[in-house]
Amino acid sequence: MNGWNGVLISTLGTTSDAAPFEVTLVDGPEDGQVVAQVRGELDAAANPLLQRSLLRALRQAARLLTVDLSGVTFFGSAGVTALVWLSQHPEAAGKHVRVVATSRVVTGPLELTGLLDRLDVQGMPGPAPRPGERPAAPGS
Amino acid sequence: MSTLVWPSAAVPTEDGDVWRWELPTVHDASRVRMDLRARLAHPSLASRSTEDSREGLLLVFEELSSNALRHGGGSVVALIVAVPTGWLIVLTDGSPDSPPQPAVDRDPAFGGMGLPMVAQLSTDFGWCTEPGRKHVWARLPSGMSTAQAVPHPRSSSGPAA
């Protein structure tokens, strides 16, 4: 999703006393589609504003919202929770929410929380572990 | 995961370098976590652990600190002890009567995923209380083999008087 050629809709960042993250909304590539490019640290401090930002993105997207997490540098359970909350939100009815996760920083917590089956995630390297399966020890 | 129990167990006694932070708000927890990342990546320390294990420690710090601030309160303190095999992390808050409660069949849209994540990243975990205080702890691996992690036996000698 890097080098996206769509139309920039808006950029929303956090205030100085919060964890730094930024959501940039880009139109396209087809009608009714919006890409939310998320960068920075998604943690408990970021969560209230992250949820508001994602809901705003969802309202811009008539059919498909793609949440691109390629630029995320930290992804705690609050970030996973925000994605599940968004995909289950009443305003998501009749729309589709897709998540792009390419870095281990993001795919690790998605696997650890066992919530991959609740989300449409693309870009995951390798097969996801079965629910309840212990992942390999870190570093092995 | 639905059977996860957070056991009642005393904080293990570990000798090592100790880092301690007071965390008044979740914003302080964010700031401290980013400071912790920079410290762990310092060349003098980075060779003692794998990148995956350091990311694991940052995640555990995030989950235990946000739980302590959200469900515990009081003055929240984070403690990390660096030991040859990895780290011991302890989060202390002012709510001894509210034990850690891993989510069981809770809608994940409302959170509760933190402790199951911590359990999977840790080799050992538990909680205990003292009057007015609760400690939630976890032990994490460095990701290095023991031979690499403890190159010199003298490093296990006791602290200087």
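Reader: How many helices and strands does the secondary structure of chain B come to?

Author: Chain B has 5 helices and 5 strands; helices (H or I, at least four residues) and strands (E, at least two) are DSSP runs, numbered from the N terminus. Their order from the N terminus on is β-α-α-α-β-β-α-β-β-α. This is a predicted model, in which local features need pLDDT of at least 70 and side-chain atom pairs count only at pLDDT 80 or more, while totals for chains, interfaces and linings use all residues. Residues are numbered from 1 along each chain as its sequence is written, and chains are lettered from A and ligands numbered from 1 in the order in which they are written.

Reader: What percentage of the residues in chain B is buried?

Author: A residue is buried if 20 or more other C-beta atoms lie within 10 Å of its own, exposed if 12 or fewer, and partly exposed in between, with C-beta atoms placed from the backbone. Of the 161 residues in chain B, 42% are buried.

Reader: How is the packing of two helices described?

Author: One gives the angle between the axes of the two helices and the distance between those axes. Axes are lines fitted to C-alpha atoms, for helices over the stretch in contact, and angles run from 0 to 180 degrees between N-to-C directions. Helix 1 (residues 26-41) of chain B packs on helix 3 (residues 51-72) of chain B at an angle of about 160°, their axes being 10 Å apart. Helix 1 and helix 3 of chain B are therefore roughly antiparallel to each other; angles under 35 degrees count as roughly parallel, over 145 as roughly antiparallel, 65 to 115 as roughly perpendicular and the rest as oblique.

Reader: Which residues make the contact of helix 1 with helix 3 of chain B?

Author: Two residues are in contact if their C-beta atoms, placed from the backbone, lie within 7 Å. Among those involved are B:Ala29 and B:Leu36 of helix 1 of chain B, and B:Leu58 and B:Phe61 of helix 3 of chain B. By class, this contact has 8 nonpolar, 2 polar and 4 charged residues; Ala, Val, Leu, Ile, Met, Phe, Trp, Tyr, Cys and Pro count as nonpolar, Asp, Glu, Lys and Arg as charged, and the others, Gly among them, as polar.

Reader: At what angle do helix 3 and helix 4 of chain B pack?

Author: The angle between helix 3 and helix 4 of chain B is about 145°, with their axes 9 Å apart. Their contact includes B:Val60 of helix 3 of chain B and B:Val118 of helix 4 of chain B. Its residues divide into 7 nonpolar, 4 polar and 1 charged.

Reader: In which sense do strand 1 and strand 2 of chain B pair?

Author: Strands pair if DSSP finds at least two bridges between them. Strand 1 and strand 2 (residues 77-83) of chain B pair in the antiparallel sense over 6 bridges, and B:Trp19 stands opposite B:Ile80 in strand 2 of chain B. Of the 6 residues of strand 1 (residues 17-22) of chain B, the number buried is 0, so this strand lies largely in the open.

Reader: Is B:Glu22 buried or exposed?

Author: B:Glu22, found in strand 1 of chain B, counts as exposed because it has 10 C-beta neighbours inside 10 Å. Leaving aside neighbours within four places in sequence, B:Glu22 is in contact with B:Ser75 and B:Val77.

Reader: How many residues does the contact of chain B with chain A take from each chain?

Author: The contact takes 26 residues from chain B and 30 residues from chain A. Helix 3 of chain B supplies the largest share of the side of chain B that touches chain A, 9 residues.
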